[in-house]
Amino acid sequence: MEKQSLVTKPLKTSRRTSRKVAHFLLAFVLLTCVLLSFDTFQESWNQSWWRKSSKKNVIFFVTDGMGPASLSLTRSFRQFSQNLSRDDILVLDQHLIGSSRTMSSSSLITDSAAGATAFSCALKSYNGAIGVDPEKQPCGTLLEAAKLRGYHTGLVVTTRITDATPAAFSSHVDYRFQEDLIAQHQLGDYPLGRMVDLMIGGGRTHFYASEDAVYGTRGSRADGRNLIKEAIDDGWSYVGNRQEFDALENGYNVSLPLLALMADYDIPFDVDRDETEYPSLEEQAMTAVNALTQATKDSDQGFFLLIEGSRIDHAGHQNDPAAQVREVLAFDKAFEAVLKYASESEVETVLISTSDHETGGLVTAKQVSKAYPEYVWYPQVLSATHHSGEYLSKLLLRFSGEDKVDFVEKTIFEKLMGIFDYTKEDTDELLNLTSIGELNDKLNGMISTRAQIGWTTHGHSAVDVNIYAYANRQKTWYRLLDNLQGNRENTDVGQFMADYLELDLQKVTQMIKKTKHSPNINTASLYHVDIDDYHNGMYDEQAL
Ligand SMILES: [Zn+2]
């Protein structure tokens with residue numbers, strides 16, 4: 001017994017000790033579990049819920065030159081050509097919240113440069129101004145301020161990437177024609193360094209000089225530099241044709257920064273676009289959206305992206321209704337795709353779409369005789385036309401066959417324009433015209449008159465433009481309505497985006513004071529130069 005007790009006693013002690021150790025271990029494990037789960041909780045709070053609730057994407061759409069009449073025109077065209085009911089409306093129509101006044105600091109009628117600067121810097125400037133104030137001082141832009149706050153940034157257009165709208169977000173020059181310098185700023189050659197993560201559009205011409213064995217034949221840089229090569233050496237991925245664009249796999253195979261220049265000048269009108277050569281605006285937009293989504297996946301900040309339906313404006317300048325309705329439809333498709341993305345995104349995402357101004361003074365009516373006009377216009381004339389005036393004019397100028405009369409009448413009028421009631425005078429006029437501008441006017445005029453569509457100008461007008469918006473959070477939607485519902489100044493649109501993303505544009509303005517922005521020529525002489533020579537190259541610089 002003694003022996004036993006002697007033996008059991010220590011055993012009891014050791015049992016007690018091990019029980020204590022076990023309790024201690026249990027407590028330790030439990031505490032660790034609590035701490036760990038608290039950590040995990042905190043981590044998930046930080047990383048998902050909290051972050052997702054503060055992370056934001058802003059996708060800003062500009063329909064360059066699209067006034068309310070373009071919508072009426074396109075809606076009726078689509079109803080007619082697709083045999084849809086009268087209450088069928090565009091996707092964009094479903095998101096209308098207000099309208100915007102567009103005057104610039106120098107005129108009741110703005111140009112795209114001042115129009116875009118009103119959005120990008122949230123201030124009124126003069127016609128021709130690219131990211132500079134009325135005193136020609138560089139002003140901080142939404143894109144720059146967003147980038148400096150850790151957002152990713154992108155620009156998607158169908159015209160030159162150096163043209164006014166994208167330029168006003170990503171560069172600072174006194175006049176819109178300084179496109180060589182704009183390209184330099186866009187690639188980061190100015191005090192802030194590189195602010196743009198992704199660019200998709202046309203306008204390769206301002207990135208290289210004359211002919212280049214690799215990049216193209218129509219470079220126009222005056223300084224002889226090859227910015228494409230410099231960009232690649234600097235770490236940019238470069239895409240210059242459809243095959244390379246397709247390799248981006250809809251944005252899932254993109255290495256940022258990305259410079260995608262799909263044309264020397266403009267990407268062709270959608271009605272003329274060869275899809276084996278050029279992506280649609282929808283493809284460009286979704287490539288950008290997906291690439292920026294991938295890039296910001298693990299970031300606390302989202303992205304700011306500009307998407308422009310650039311050439312609605314060109315169709316307006318050229319008074320080409322058949323091209324314009326297709327441009328608006330192509331934009332509406334792009335908007336629809338991005339809308340679907342936003343509605344499914346876990347990240348708070350805002351879409352705002354507006355125009356910088358109206359172009360062409362378009363009216364869906366035209367008096368064609370002295371008699372009191374009938375109340376009609378004919379969308380079927382537009383659906384019978386298979387190309388833009390720009391495209392047809394180039395065909396005529398390039399024609400080298402024997403029988404030009406037959407070509408004009410059978411191919412141009414009948415086959416491509418669906419016009420059979422032409423006169424001998426129409427044919428003769430087309431045979432005699434030699435400039436693309438005059439040919440364009442004649443062909444587009446034949447379409448507009450037959451469709452009974454009116455144009456009042458080859459330039460812009462002061463008509464208010466529409467504002468459209470969407471948010472995937474209800475409180476943000478109310479905030480959008482509070483700030484942009486009703487009739488607003490164009491600067492209110494820019495100010496809303498700055499406030500929403502909590503951006504300090506003035507702070508950026510202080511940082512870019514030393515930017516080179518003047519054209520280095522006698523600006524006194526510029527006063528009389530048409531500094532607002534829209535889209536120089538609309539007629540004569542394009543490839544013929
Ligand atoms: Zn314009």
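Modeller: Start with contacts: two residues are in contact if their C-beta atoms, placed from the backbone, lie within 7 Å. Bear in mind that this is a predicted model.

Biologist: Among contacts between residues at least 6 apart in sequence, what share joins residues at least 24 apart?

Modeller: In the protein chain that share is 74%. The chain holds 20 helices and 14 strands.

Biologist: How many of the residues of the protein chain count as buried?

Modeller: A residue is buried if 20 or more other C-beta atoms lie within 10 Å of its own. Of the 544 residues, 48% count as buried.

Biologist: Which residues have the most contacts inside the largest nonpolar core?

Modeller: They are Leu305 and Ala469, in a core of 135 residues. Helix H11 (residues 321–344) supplies the largest share of this core, eleven residues. Domain 1 (56–362 + 457–543) and domain 2 (365–452) both contribute residues, so the core lies between them. As for Ala469, its contacts beyond four places in sequence are His95, Ile97, Leu351, Ile352, Leu480 and Leu484.

Biologist: Is Ser112 buried or exposed, and what does Ser112 touch?

Modeller: Ser112 is buried, because 31 other C-beta atoms lie within 10 Å. Leaving out residues up to four places away in sequence, Ser112 touches Asp64, Ala164, Thr165, Asp313 and Asp356.

Biologist: Take Asp313 as one case. Where is the place of Asp313, and why does Asp313 count as buried or exposed?

Modeller: Asp313 sits in helix H10 (residues 312–317). Asp313 is buried, because 32 other C-beta atoms lie within 10 Å. Beyond four places in sequence, Asp313 touches Asp64, Gly65, Ser112 and Thr359.

Biologist: And where is His357 found?

Modeller: His357 is in the loop between strand S10 (348–354) and strand S11 (358–359). With 28 C-beta neighbours inside 10 Å, His357 is also a buried residue. Apart from residues up to four places away, His357 touches Gly65, Thr102, Thr110, Gly115, His460 and Val465.

Biologist: How do I read the packing of two helices? At roughly what angle do H3 and helix H18 cross?

Modeller: Look at the axes, then at the residues that meet. The axes of H3 and H18 (residues 490–500) come within 6 Å and cross at roughly 35 degrees. From H3, Gly115, Ala118, Phe119 and Ser120 meet Asn490, Thr491, Val493 and Gly494 of H18. By class, this contact has three nonpolar, five polar and no charged residues.

Biologist: How many of the residues of H18 are buried?

Modeller: Eight of its eleven residues are buried, and H18 is mostly covered. Among them are Asp492, Gln495 and Phe496. Glu502, which follows H18, has a positive phi near 55 degrees.

Biologist: What is the phi of Ser210?

Modeller: Ser210 has a positive phi of about 40 degrees although it is not a glycine. Ser210 lies in strand S5 (residues 209–212) and is exposed, with 12 other C-beta atoms within 10 Å.

How values were computed. Residues are numbered from 1 along each chain as its sequence is written. This is a predicted model: local features need pLDDT of at least 70, side-chain atom pairs count only at pLDDT 80 or more; totals for chains, interfaces and linings use all residues. Helices (H or I, at least four residues) and strands (E, at least two) are DSSP runs, numbered from the N terminus. A nonpolar core is a set of buried Ala, Val, Leu, Ile, Met, Phe, Trp, Tyr and Cys residues joined through C-beta atoms within 7 Å. Domain bounds come from an automatic or database domain assignment. Axes are lines fitted to C-alpha atoms, for helices over the stretch in contact, and angles run from 0 to 180 degrees between N-to-C directions. Ala, Val, Leu, Ile, Met, Phe, Trp, Tyr, Cys and Pro count as nonpolar, Asp, Glu, Lys and Arg as charged, and the others, Gly among them, as polar.
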